Amino acid sequence: MSLDETRKPLPSDFDEDAADLARLGVEKQELKRNFNAWSLAFMCFCNNGVWEAFTASSAQALTSGGSSSMVYGYLLMSIGALIISLCISEYASMIPTAGGQYHYVAYMSPPRFRRIFSWYAGWITTWAWVLSSVAGNFATCMQISSYMILFREGYVYERWHTAVTMLILMTLYLFASIFGIKYLHHTSFIAMAAHTVGFLAIIIYLLVHTNPRSSATYVFTNHSNLTGWESDGVAWCIGLLAPAAAVVGWDSSTHMAEEMKNAARDLPKTMWITVLVTGVVTFPWVIALMFCIPDITAFLGGPVARLSPLVQLMYNVSGGSFSATVGMTVFVPVMGFTIAGPGCISATSRIIYSLAREGAFPPIFAKVNATWNVPIYAILVSYGLMATIPLIYIGNETAYYCFASSGAVVYIVGYCFPLGVRVIWGMEQSHLKKGPFTLGRFSKPLAIISLVLCVFLVVFMCLPTMMPATALNANYAPAVLVFGSVFLPTIAWFAYGRKTYIGVTQHLSARNGPEEDVTGQGQYIVEPKKFD
């Protein structure tokens, strides 16, 4: 008799997703599962926004390494992102909760380190999402400002215009995150359509209308070191900031895991398939884009090149045409309006919600509104951070960019945490069964490769982008990283965290033995215990 034949049939009303949460120490299912694999995958595609983010941050790569840095840097980052996403997907399948990375760290760490490791991982993940969300949404506002600069006669640009635009947009996203959460499942399809149509329309237009185009030799071999670094190799590696910034953010679905049906099975697909598809599809886009920028210096000297490189490029190619410039680039803000903006607030709030229910933040942030089925107070905190940080731009442009440009670095450090724990201690500490998606014998080797790549990126992304470094052009990413990922969580830990933070794994005993096999298939529900 086979093992399958000995298993007990499941009750007709059995909820496998809720059972997974209970097995992992989450006492009850509070959030409504509005998303399926398709809608959450589309949210990943749009939050990731590879071609949009890559184009928006292209000025850094063009300055540091030229077209070769864009082409080969993107290829390297895409392969690296795929390997990292496969590793994270394996952990997500085993631990499908809203906490994401910090829950993976909690379950895979040795018992004596679980609380402290997951505490820092939670803060890092939250900080990364806040900074990256600010940068992504602010790029949309800068694109709107670029339209005004180019096409409104007599308009005098002031930094506060962009900051106020950001405040207005974030307020709209706030309402969508609270009152329209059940509709985001549907608007994700609209956003995906804009993402796809925009991709095709822009690249076709550029290839048809750009004249003259760059040569193949230029595209694949040009190296422009305008950074002041004596070493072209160091400058090239620093230029990886643009492609690296474009291949983070695909893990947004992990933080919506408790609002997804069949999460353990389908959640991994939303991540690694997103990275694979965008990597393959966007690589030709990058090559085509380089054919359309024949003169890097002239391009970077355009009136809005630093605000919105895509708008500047389209403006140059179209000969200053309003209809072509706006019509061919409007897909980016449409995607932001429909899913990326609300999705960023929602994903960030779910991390805060998850941490709050375990004692890392005040318990009010873990309260779920019974009418709208969302953690309203956690959403308000996310909104407050994302709406106020851009106000720094009004008073000090350099200070704002210190925060906005650091999101990718903090993100990658956040990936380092579960990868490092996996490499050093393995998965034996978790006492959990592997999920439906597993890498098998390739799990540890891929984790080692991912960790090495992440450490490499963090080192070069923390170096000065221009030499000689001054107060105006210095890279403040290390300071921002330490402030939000080390200083603040350390202060909070000694102020209250060591007494209030329970941690999601406190229900685990030394053997994590079964208390009740509710499925008949080796899935166990155990009661969580408060930290004493």
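Reader: What share of the 532 residues counts as buried?
Author: 59% of them. Keep in mind that this is a predicted model.

Reader: How many helices and strands are there?
Author: The protein has 24 helices and zero strands.

Reader: And the accessible surface, what does it come to?
Author: About 21000 Å². Carbon and sulfur atoms account for 65% of that surface.

Reader: Inside now. How many residues are in the largest nonpolar core?
Author: 118 residues. Y91 and L419 have the most contacts inside this core. Helix α8, residues 114-151, supplies the largest share, 14 residues.

Reader: Which residues is Y91 in contact with, neighbours within four places aside?
Author: Y104, M108, P418, L419, R422, M427 and A447.

Reader: What about a second core, how many residues?
Author: 28 residues, in a separate core. Among them are M70, Y74, L206 and L289.

Reader: Switching to Q101. Where does it lie?
Author: Q101 is in helix α7, which covers residues 101-108.

Reader: Buried or exposed? And why?
Author: Q101 counts as buried, because its relative accessibility is 2% and the cut-off for buried is under 20%.

Reader: What is Q101 in contact with, leaving out neighbours within four places?
Author: T125, D251, T254, H255, G414, Y415 and P418.

Reader: Across the protein, what share of contacts at least 6 apart joins residues at least 24 apart?
Author: 83% of those contacts.

Reader: Back to the surface. Which residues form the nonpolar patch?
Author: W160, V164, I168, L172, L391 and I394. Together they have about 540 Å² of accessible area.

Reader: Which helix gives the most to that patch?
Author: Helix α9, residues 159-179, with four residues.

Reader: And L391, where is its place?
Author: L391 sits in the loop between α19 (376-388) and α20 (392-395). It is partly exposed, with a relative accessible area of 36%.

Reader: New topic, α16. How many of its nine residues are buried?
Author: Seven, so helix α16 (residues 309-317) is largely enclosed by the rest of the structure.

Reader: Which ones are buried in α16?
Author: P309, L310, V311, Q312, L313, M314 and V317.

How values were computed:
Residues numbered from 1 in each chain as written. Predicted model: local features only at pLDDT ≥ 70, side-chain atom pairs only at ≥ 80, totals over all residues. Heavy atoms only, no water. Helix = DSSP H or I, 4+ residues; strand = E, 2+ residues; numbered from the N terminus. Buried < 20%, exposed > 50% of the residue type's maximum accessible area, 1.4 Å probe, protein only. Contact = heavy atoms within 4.5 Å. Areas by Shrake-Rupley, 256 points an atom, 1.4 Å probe, with all protein chains shown as cover. Core = buried A, V, L, I, M, F, W, Y, C linked by side-chain atoms within 4.5 Å. Patch = residues over 30% accessible without salt bridge, like charges linked within 9 Å, V, L, I, M, F, W, Y side chains within 5 Å. Salt bridge = Lys/Arg side-chain N within 4 Å of Asp/Glu carboxyl O.
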